[in-house]
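Please consult the sequence and the 3D structure shown below.

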Amino acid sequence: MITLSDVAAEKIKEILKAEGMPNAGLRVYAGGGGCSGPQYEISIDDKSGDGDTVVESKGAKLFVDDATGKALNGAELGFTVDERGEGFVLSFPNGAPSGGSCGCGPDAGSGGCGSGSGKGSDGCGCS
């Protein structure tokens with residue numbers, strides 16, 4: 001299953017408090033595919049759905065549907081700040097999900113994979 005870094009957990013709580021939804025969580029789900037495989041997206045959700053796994057860390061909640069959970073097994077949701085901005089990133093210490101490696105870096109475009117840490121294939125940015 002996916003895990004949350006301490007920094008990501010704190011950022012989730014900060015965002016949800018600012019949105020006036022401190023008891024909600026973030027949902028991670030597979031969006032459209034790209035040239036380097038699946039792209040994952042994040043949205044605010046106020047409750048889990050049928051078949052969701054709820055990952056909780058330091059008071060932050062992450063909702064993941066079954067199919068996305070299988071694809072992200074072993075991944076970690078983190079949060080990064082660099083010269084291009086800040087955002088959530090998925091790191092795949094055991095390698096990226098099948099379908100290709102992540103196209104992170106300054107030439108990879110914006111949104112989805114490619115808006116992440118820019119450190120090679122170790123992470124994908126989530127828009």
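A residue is termed buried under 20% relative accessible area, exposed over 50%, and partly exposed in between (1.4 Å probe, protein chains only). The model is predicted, so local features need pLDDT of at least 70 and side-chain atom pairs count only at pLDDT 80 or more, while totals for chains, interfaces and linings use all residues. Residues are numbered from 1 along each chain as its sequence is written, and side-chain values use heavy atoms, with hydrogens and water left out.

**Salt bridges**

Three of them are tabulated here.

| Pair | Distance, N to O |
|---|---|
| E14 and K11 | 3.0 Å |
| K70 and D66 | 3.4 Å |
| D82 and R84 | 3.2 Å |

Salt bridges with shared partners link K11, E14 and E86 into one network. About one helical turn separates E14 from K11, because they lie three residues apart in helix α1 (residues 6-18); helices are DSSP runs of H or I with at least four residues, and strands are runs of E with at least two, numbered from the N terminus. E14 is partly exposed at 46%, whereas K11 is buried at 15%. In helix α2 (residues 66-71), K70 and D66 are four residues apart. K70 is exposed at 61%, and D66 is partly exposed at 46%.

**Residue R27**

R27 belongs to strand β2 (residues 25-34) and is buried, with 13% relative accessibility. The R27 side chain makes a polar contact of 2.7 Å with the side chain of D45 and another of 2.5 Å with that of D52. A polar contact is a pair of N or O atoms within 3.5 Å; within protein, one must be able to donate a hydrogen and the other to accept it, and residues adjacent in sequence count only if both atoms are side-chain atoms.

Definitions and conventions
A salt bridge is a side-chain nitrogen of Lys or Arg within 4 Å of a carboxyl oxygen of Asp or Glu.
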